[in-house]
Amino acid sequence: MQRLLSFLRPHWQLVAALIGLNLLIAVLLVISPIVIKQVVDEVIAKQNLAGLPTYLGIIVAVAALRAAALLGYQVGRERLGQTVITDIRTALYRKLLALHWGYYDNERTGSLMSRMIGDVESTRIFLSGILIDSVNQVTTIVLLLAGFAQQDLTLALIAAVPTCIYGITLYLLFAERREIQLKIHQQSAVVNATLQDSLSGVKVVKAFAQEPQEFKKFDRDIKLLAELNIRSNRVWNLRNPWVSGMTRLMQLTLILVGGLRVMNGEISLGTLVAALAFANLMMVPVQQLGQQMTALGQTASAAMRIFQTLDEPIAIKSPAMPLAAGDELRGDIRFENVSFKYPKTNSYVLKHINLHVPAGTSLALVGATGAGKSTLANLIPRFYDPITGSLKIDNIDVREMDLSELRRHIGIVSQDPLLFSASIAENIAFGRVDATQATIERAAKLAQAHTFITALPKGYATVIGERGVGLSGGQKQRLAIARAILLDPRILILDDSMSAVDAETERLLQLAFAEVMRGRSTLLIAHRLSTVSQADQIMVLRNGQIVEQGSHNQLFAASGYYREILEMQRMSTESIT
Amino acid sequence: MLRRFTTHKDFAQTPPDQVLKRLFGYLRPYRRRMLFALSIYVMCVTLTNLNPFVDRILIDQYIAVERREGFYLILLLALAMHILNQLGAGLRQILVGRTNQHILYDLRCQLFNHIQRLSFSFFESVPVGSIMTRFISDLTTLNDFLAWQMAILVYDVSLGLISITLMFLIDAHLALVALLTLPVLVALGVYLRPRIRDAYEEMREAGSRLNVFLAENISGMRVIQAFVRQNVNLSEFGHKNSDVVARYMHTMRLQAWFMPVVELTRAAGLVAVLYVAAQEVGLRPSLTVGTLVAFTAYINNLWGPINTITNMFVILQSALTSANRAFTILDTQADIADTPDAKALASVHGDILFDNVSFGYDPAHPVLRDIHLHIPPGQMVALVGQTGSGKTTIASLVCRFYDVTAGRILVDNIDIRTVQQRSLRQHIGVVLQDPFIFSDTIANNIRYARPNASMDEVITAATFANAHDFILQQEDGYDTICGERGAQFSQGQRQLISIARAILANPRILILDEATSAVDTQTEMLIQQALERLMQGRTAIVIAHRLSTIRRADQIVVLKQGTIAETGTHTTLIDRPNGYYAALCKAQGR
């Protein structure tokens, strides 16, 4: 809670002004009945019209002042709320940009989204509305009790006791409800995830005609959500009316005790009437306070989740004093006894990897699905850090380099090319926002993408739909290749980047790659040995270990795994021709 | 129809009363419960309004005159009234709350069911994020409106009506004076009404743009980091966010005028009453000091509800917008719908005929032209051609994901447009280029098409697809929960799972779209053998770039820019001079 309040600190002037305005509004509200009383007593009752314009003038003036204060308060409150959520949201977004890949392996897009939207919103409602309003309400209640005590101490005590009980029960109720609220939130996240899953997988759903099954899943999830909500509602409403009805009980007690005392001649009738008026005035702030307590539970869990994300340790970040590789990075890559396993798993994906890619040469990784090829490639840009051993570029441990600098020199084409809903030109220029059209087209030409792009009605300005809908897999891959080429990187990582390309395009791309790879250190993951055989060095991975290593000719002569697949592929082509 | 998702101005075209009427339709199944809740409401309002009355009796007739007999009795009566009131309040809230959840449930079910019926073209033009927004924020707004805001409105309206009635009963002349300022508020409402609505729309649109941006950023975070785009995206985020803030503040500034104006008109009303009363007091018998005190109280009573009602307008506005959005989706007709007399396709031999088929996603740009192709049952057809030549489209047409723009497609001599889509697809197994894995266990992903398949069948299918070994290496084997889209698996492993899924489905027609592209050679060979066994006796349409796959086909179809350029078998096509296939073989046979 304290931490939540710290978001308000930079804006304390605005907060103070709002609290001030709020108090002014409350005080002005009290003045108006007093003036009316004066009018009734002095003017109307005494039939004395002389003072009337003054009193009426005061009423209008008070109302005008209150109207102005209300206007200022409302606008100021919203301004504060927006400023604060912009701060929180930006902090969250910054954090998300900085978090390492491992974090995203375990987080769902849907739940991060609900943190960015829903949780931030309920924090705003709390900080800009509830908090400041409740300051006002508590003050009003205290002022009223004080005024009460001045009239009659016994009656004031009668009023104070239920107010305290009210506060305590509200707190207990809120604590009880919090648990259910937490469950509700979790269930909503489940519903959203189910929804997201069946919406993004709609092709599969339809292809296998599984709409009823998807509906059953969704139905089960939302039914549970509805049940939880009904339960929470019941918990609240079976108790809340008694709590909020406390004020009426207070009035009745006042009439009983006060009435008896009046009849005994201990206090005047006027005092009792005044006490009842105070009790009446107290009703509104007490009820509002109660309503706001309900929201408090939601805010608490929302804030908890926000802080959880903000506090998430960033496993991979730049060192405080990075060793500069600078523009002169040559691209000499060295793995020294590198082992790696994914967090929360037991088995090592890479075991004692030693390899060296001299600057400007290429290395091809070969091996069965799941052998660890992509994992190995992902260690170079520090998407993950090795568990043991070290990875050096130009003889500097990557962990000692500036992270952005390092990644700026690496161009990656990954297996599953993810494009963004922006124009094709913007997608190609993803890593260099300031790239000129000419640079973009050159990269596209190199990636064999220029022809199909210009064939599109809008050419380079074509906007790509979500997840690249509308483009074939091979076209997406070529855009991803152009995107990497445009960076003009020192190190190029091609992770199975030609799998979805037809044979002719693949041949063209191979030619292009020969051109692009020249002078760059390249890590190549491929299944086609025609591609692999061009590499300076070839390595065969099996279960996270390097089992064969050498040039095409050496490995061919060694008659191991490499030879075996080569034969297999040759067999299939030989039988064609 | 689809454009309506982007140009929200269209929403304003639907008359609000129709939208409201339709919205209240959702309350109809619960009308008894709602009526019951409403009657409890009326009871509670009455009881609450009786409180001052009872208090006055207690003070005037007992305390003031020191009458003790009956004092406790009336006090007890007041207590009983209070308990009844609170019981009613609790019961009412529970009833309304439950109805509210049921309506929300109904709305969600309806929307979900409808969206699932929509065709591919819908999903290609509307991003998932924007559909999600319909479910999350729009439905919540609607529900909030139907269940809670309506109740507040009823309460305030009845309170206001009671107050006005009492005012007129006490002194009609003074009541008119007091209500003189009411037109000012109406005028303000008329002036601000359209402005606030537009501002709300713009605010929502900006918000939705921010959401779409965020959703894409989070799912594409890996690429952003790989390309060191953090700073660029941060400033883009900043722009989008300040756009939202600016529009929000604009809306709020407009809305903020209501309360102060209500405040001023209230004061004006009071002053008018006091002024008139001061002039006329004593002239009319009804105009006593007591009346005046009562009047000031009632004026205060009255402006509260007016404040809520004007606020209500804004809430109503946002509810209408949400309703409109939800209804727009509900009213979107599926491009491909079963005809009323569509029959179920019971069993299939697997004979497929493309009869002069043409197709274009956009009619101006046909993707396929005059395709004539016959695939006898049990045959395997390989589709060959450059990226973008229309191979995947042919496969999608067989599943009827899209409808042909000319010609027809017959399965077992039945036009596929005349049968139920689901029954057609139940006979087709598809392995897509981009394998989609659900966030469920591996086993459930494999048994996706047949949820009641036994574990043995799952393992058999996985073994058949060569996925068994890597699955066993996972932490929990077949019970391992797949991450979002199967993130923890390599592309190849995802493909293996999706092949196992198709195998278990045991369809008569198989469609393999680049199914083995991301698998290493050894695995590819094993899958190939498995698929060959699987294809035995089934009709298969295979899209592949690898000649090793293609050459075994009974029929090879070479597509070029949406037309069939060559058909034949490997042996008839291989030597065709200047043939695309012949060139392809040469290219790969290097």
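User: How many salt bridges does the rule find across the interface of domain 1 of chain A and domain 2 of chain A?

Analyst: Keep in mind that this is a predicted model. The rule finds two salt bridges across that interface. Glu78(A) pairs with Arg124(A) in a salt bridge, with 3.3 Å between the closest N and O atoms. Polar contacts are counted as well: six residue pairs between domain 1 and domain 2 of chain A, both residues at pLDDT 80 or more.

User: Which elements give two or more residues to the side of domain 1 of chain A that touches domain 2 of chain A?

Analyst: Helices H1 (2-6), H2 (12-44) and H3 (52-98) of chain A do. H3(A) gives the largest share, 16 residues. By type, this side of domain 1 divides into 19 nonpolar, three polar and five charged residues.

User: How should I read the size of such an interface?

Analyst: The general idea: size is often given as the accessible area lost when the parts come together. Here, domain 1 and domain 2 of chain A bury about 2500 Å² between them. Carbon and sulfur atoms carry 74% of that area. Leu4(A), Leu92(A) and Leu96(A) supply 25% of what domain 1 of chain A buries against domain 2, more than any other three residues.

User: How many residues of domain 1 of chain A are in contact with domain 2 of chain A?

Analyst: 27 residues of domain 1 contact 29 residues of domain 2 in chain A. The C-alpha centres of these two domains lie 23 Å apart.

User: Where do the domains of chain A run?

Analyst: Domain 1 covers 1-98, domain 2 covers 103-312, and domain 3 covers 358-387 + 396-574.

Technical notes:
Residues numbered from 1 in each chain as written. Chains lettered and ligands numbered in written order. Predicted model: local features only at pLDDT ≥ 70, side-chain atom pairs only at ≥ 80, totals over all residues. Heavy atoms only, no water. Domains from an automatic or database assignment. Contact = heavy atoms within 4.5 Å. Buried area = accessible area lost by both parts, 1.4 Å probe. Salt bridge = Lys/Arg side-chain N within 4 Å of Asp/Glu carboxyl O. Polar contact = N/O pair within 3.5 Å; in protein donor to acceptor, adjacent residues only side chain to side chain. Helix = DSSP H or I, 4+ residues; strand = E, 2+ residues; numbered from the N terminus. Nonpolar A, V, L, I, M, F, W, Y, C, P; charged D, E, K, R; others polar.
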